[in-house]
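Subject: Structure handover

Hi,

Here is the structure I promised to pass on to you. Please have it open while you read, as my notes follow below.

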Amino acid sequence: QVQLVESGGGLVQAGGSLRLSCAASGRTISMYAMGWFRQAPGKEREFVAAISWNGGLTSYADSVKGRFTISRDNAKMTVYLEMNSLKPEDTAVYYCAVDQIAYGMSRMPGRFGSWGQGTQVTVSS
């Protein structure tokens, strides 16, 4: 099956930037959309961004639109999330996952699987 490993999180000041990476191994992800989600303490996991199987379409939560950019490199089996103009409310554990429907593109956590271990992003004010 697919294994996902997130990296790139850390501590930054408000207004700073981070670039998260999600490295996939095992079964190919080239036919599947990929998504980024986040979960803050005491909150439910929420959608952040998704990208279609070939990178042709992207989708963003309203809270991050214009600040975050999702991209993918299928040859490297890696998905990225570039985060700019970070705010304290962006503080959360960030997870990547695979859309379980080939060639689909969902914003619903229930459609995704192969969740990684997550990487912590902390934004100070």
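I would start with strand β8 (residues 78-83): five of its six residues are buried, so the strand is largely enclosed by the rest of the structure. Buried here means under 20% relative accessible area, with exposed over 50% and partly exposed in between (1.4 Å probe, protein chains only). Strands are DSSP E runs of at least two residues, numbered from the N terminus.

Before going further, a word on the source: this is a predicted model, in which local features need pLDDT of at least 70 and side-chain atom pairs count only at pLDDT 80 or more, while totals for chains, interfaces and linings use all residues. Residues are numbered from 1 along each chain as its sequence is written, and side-chain values use heavy atoms, leaving out hydrogens and water.

Now to the partners of β8. Strand β3 (residues 18-26) runs antiparallel to β8 and is joined to it by six bridges; two strands count as paired if DSSP finds at least two bridges between them. In this pairing, Arg19 stands opposite Glu82 of β8. Strand β7 (residues 68-73) also pairs with β8 in the antiparallel sense, over six bridges. Here Ser71 faces Tyr80, and Arg72 stands opposite Val79. Four residues lie between the strands of the β7 and β8 hairpin, where Met77 takes a positive phi near 55°.

Put together, four strands form an open antiparallel sheet in the order β1-β3-β8-β7. At its edges are β1 (2-7) and β7, each pairing on one side only. From one strand to the next, the twist averages 15° (axes are lines fitted to C-alpha atoms, and angles run from 0 to 180 degrees between N-to-C directions).

Next, the core. The largest nonpolar core has 35 residues, of which Trp36, Leu81, Met83 and Tyr94 touch the most other members. Such a core is a set of buried Ala, Val, Leu, Ile, Met, Phe, Trp, Tyr and Cys residues joined through side-chain atoms within 4.5 Å.

Finally, the structure holds one disulfide, defined as a pair of cysteine sulfur atoms within 2.5 Å. Cys22 and Cys96 form this bond, with their sulfur atoms 1.9 Å apart. Because Cys22 lies in strand β3 and Cys96 in strand β9, the pair ties together parts that are 74 residues apart in sequence. The torsion about the S-S bond is about 65°, so the disulfide is right-handed. Cys22 counts as buried at 1% relative accessibility, and Cys96 counts as buried at 0%.

Best wishes
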